[in-house]
Amino acid sequence: MHDIRAIRETPDAFDAALARRGLDPLSPAILALDEARRACISRAEAALAERNAASKDVGAAKARGDEAEFERLRALVSEKKEEIARLEDEAKEKDAALRDLLAGIPNLPHADIPDGADEADNVEINRWGTPRSFDFTPKEHFDIAGVSRDLDFGTAAKLSGSRFVVMQGAVARLHRALAQFMLDIHTLENGLTEVNGPVLVRDETMFGTGQLPKFGEDSYQTTNGWWLIPTSEVTLTNIVAGEILDEAELPRRFTAHSLCFRSEAGSAGRDTAGMLRQHQFEKVEMVSITHPDHSDDEQKRMLRCAEGILERLGIPYRTVVLCTGDMGFGARRTYDIEAWLPGQDTYREISSVSTCGDFQARRMNARFRPAGGGKPEFLHTLNGSGLAVGRCLIAVLENGQQEDGSVLLPQVLHPYMGGKTRITPEGHLD
């Protein structure tokens, strides 16, 4: 959500920032609605003052026996009461319209991110690891002999339709091990607090992180009005909704492993093979709630937390900063981490780490009380995947595949796999 006062003070700067996202100027419409709303409030206040003055004079007119003046003043009080009610209703309607307008406008991009139209204009800032040289043609995860029988897309289609998978055996255990490994690193080494929260949330919870009202079609809603979360960012960030924290409590850092649900609206025909793009998937999420002065440093720290998981797993990756045309609705700046997938011979996104500034905090009314005194200020919120479990599974399988169809497992996962070090060509743990 945007600060209407900032738009009033610097409308040209607001429109210039929106133009970087490819949007037409919006400040004229916003300010016209804001002015109409404020005019209603001003007129209601003037009418209230007139009513109050007339109310005081009614008794005096009655006392001196001036019946005509008494009736005139009584009629004026009644008239002003109706006028005030009408103006207050108009002000409420315009306030709701202004809120709806502001709620549909994306966050303003940070000054330091590159301009661009789409992902082709993203800028690489880091690369780690060297993609392995294969002396055979590497396969995609679903075609690896030791894996294919444990990724059952046919049964999933029978149960639920397309873009679902039933994982079994060694692959299911490896998927579980990856999530456990990520949580252990984030809680024991990276200082995050583990949270197990609901995956069904209210409208206002989805609104707080920006999924509503504009992106309702991207999520699933139950018949009684709950929403299935598209990411546990929704749950974790809203922990502070409506709260005023003491500055000494900051930062607050959370992590959660959860099911996530996305309709994938608009993605027809994209990544239909395998489990790269699913309606139901699992993710280990990171969320930080910070002082505004520290949010940029916190984003760098979160980025390293996510990159560190891939480094421990030995998965080559590259990090890019997203351009204005590829950035999410609520983000000011986003770094994507892309893991090397030899089966596709390319890097694919496995994590996004974003800073939202006070954009989400304004929607949630989440503030902090400065240590030095003064009125509460809005917090800054950040989120990042640490990592997408299914996509990490794909990366581990494809990078560890062998010519005979077996898969060598990263050493850091051996304790989570009961000491087993590979998946055999027959799909067993060995």
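## Strands around β9

In this predicted model, β4 (193-194) and strand β9 (residues 252-261) pair in the parallel sense over two bridges. Two strands count as paired if DSSP finds at least two bridges between them. Helices (H or I, at least four residues) and strands (E, at least two) are DSSP runs, numbered from the N terminus. Threonine 193 has phenylalanine 254 in β9 as its bridge partner.

On to another partner of β9: strand β10 (residues 280-290) runs antiparallel to β9, and 10 bridges join the two. Here histidine 257 stands opposite valine 284 in β10.

## How to read the model

Residues are numbered from 1 along each chain as its sequence is written, and side-chain values use heavy atoms, with hydrogens and water left out. Because the model is predicted, local features need pLDDT of at least 70 and side-chain atom pairs count only at pLDDT 80 or more, while totals for chains, interfaces and linings use all residues.

## An open sheet of three strands

Now for a sheet with mixed pairing: three strands form an open sheet in the order β8-β14-β15. β8 (244-246) and β15 (377-378) stand at the edges with a single partner strand each, so one side of each has no neighbour in the sheet.

Strand β14 (residues 367-369) pairs with β15 in the antiparallel sense, over two bridges. Phenylalanine 368 stands opposite glutamate 377 in β15.

## Salt bridges

How many salt bridges does a search of the whole structure find? The search finds 24, where a salt bridge is a side-chain nitrogen of Lys or Arg within 4 Å of a carboxyl oxygen of Asp or Glu. One of them joins the side chains of aspartate 3 and arginine 362 (3.3 Å, N to O). Aspartate 3 lies in the segment before α1 (4-9) and arginine 362 in helix α11 (residues 359-364), so this pair ties together parts that are 359 residues apart in sequence. Aspartate 3 counts as buried because its relative accessibility is 19%, with buried meaning under 20% relative accessible area, exposed over 50%, and partly exposed in between (1.4 Å probe, protein chains only). Arginine 362 is buried too, with a relative accessible area of 19%.

Helix α4 (residues 67-103) holds both glutamate 83 and lysine 80, three residues apart, about one turn of the helix. Their side chains meet in a salt bridge (3.0 Å, N to O), and lysine 80 is buried, at 9% relative accessible area. Another salt bridge brings together the side chains of glutamate 189 and arginine 312 (2.4 Å, N to O). This pair links distant parts of the chain, 123 residues apart: glutamate 189 sits in the loop between α7 (169-188) and β4, and arginine 312 in helix α10 (residues 295-313). Glutamate 189 is partly exposed at 46% relative accessible area, as is arginine 312 at 38%. Elsewhere, salt bridges that share partners join Arg8, Asp34, Arg37, Arg38 and Asp95 into one network.

## A negative patch on the surface

Which residues gather in a patch of negative charge on the surface? They are Asp135, Glu403, Asp404 and Glu426. Patches are made of residues with over 30% relative accessible area and no salt bridge; like charges are joined within 9 Å, and nonpolar side chains (Val, Leu, Ile, Met, Phe, Trp, Tyr) within 5 Å. Accessible areas come from the Shrake-Rupley method with a 1.4 Å probe.

Glutamate 426 is found in the segment after β18 (422-423). This glutamate 426 counts as partly exposed because its relative accessibility is 42%.

Definitions and conventions:
Lys, Arg positive; Asp, Glu negative; His and termini not counted. Charge placed at Lys NZ, Arg CZ, Asp CG, Glu CD.
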